[in-house]
Amino acid sequence: MTADDSTGLHHVVVNHERQYSVWPADQAIPAGWSPIGVTSTLDECLAYIDREWTDLRPRSLRSSRSTRPLVNGNG
């Protein structure tokens with residue numbers, strides 16, 4: 001990201017693992033990422049991600065760990 005990227009509008013995007021990112025609104029969103037309908041300033045997009053993305057693990061890891069039993073008290 002360049003210094004100028006912080007002044008324009010950005011999209012909040014998500015991938016198949018439910019990992020979030022921001023992308024400049026004036027650029028094509030890369031393959032594998034989808035907009036979620038939030039377009040705003042960089043700071044507001046990052047604040048949205050901070051509120052919504054509370055578990056930073058990929059979805060596949062969250063799913064597999066939640067169905068596996070604990071071993072020796074470790075997750």
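These questions and answers walk through the fold of a predicted model.

Q: What makes up this protein, and what counts as a helix or a strand?
A: The protein has two helices and three strands, and from the N terminus on they run β-β-β-α-α. Helices (H or I, at least four residues) and strands (E, at least two) are DSSP runs, numbered from the N terminus. Residues are numbered from 1 along each chain as its sequence is written. As this is a predicted model, local features need pLDDT of at least 70 and side-chain atom pairs count only at pLDDT 80 or more, while totals for chains, interfaces and linings use all residues; side-chain values use heavy atoms, with hydrogens and water left out.

Q: What makes β1, β2 and β3 a sheet?
A: Two strands pair if DSSP finds at least two bridges between them. Six bridges join β1 to β3 and five join β1 to β2, so both pairs meet that definition. In it, Asn 15 has Trp 33 of β3 as its bridge partner, and Val 12 has Val 22 of β2.

Q: Why are β2 and β3 called edge strands?
A: Each of them pairs on one side only, so β2 and β3 are the edge strands. From one strand to the next, the twist averages 30 degrees. Such angles run from 0 to 180 degrees between N-to-C directions, and axes are lines fitted to C-alpha atoms, for helices over the stretch in contact.

Q: Which residues of helix α1 are called buried?
A: Buried means under 20% relative accessible area, exposed over 50%, and partly exposed in between (1.4 Å probe, protein chains only). In α1 (residues 42-52), Leu 42, Cys 45, Tyr 48 and Ile 49 are buried.

Q: What do the buried residues of α1 pack against?
A: They pack against β1 (9-15), β2 (20-24) and β3 (33-41), where contact means heavy atoms within 4.5 Å. On β2, the covered face has Tyr 20, Val 22 and Pro 24, whereas Ser 21 and Trp 23 are on the uncovered one.

Q: What makes a group of residues a nonpolar core, and which is the largest here?
A: A nonpolar core is a set of buried Ala, Val, Leu, Ile, Met, Phe, Trp, Tyr and Cys residues joined through side-chain atoms within 4.5 Å. The largest one has eight residues: Val 12, Tyr 20, Val 22, Leu 42, Cys 45, Tyr 48, Ile 49 and Trp 53. Helix α1 gives the most to this core, with four residues. In soluble globular proteins, nonpolar side chains tend to be buried together.

Q: What is the phi of Arg 18?
A: Arg 18 has a positive phi of about 60 degrees although it is not a glycine. Most residues other than glycine have a negative phi.
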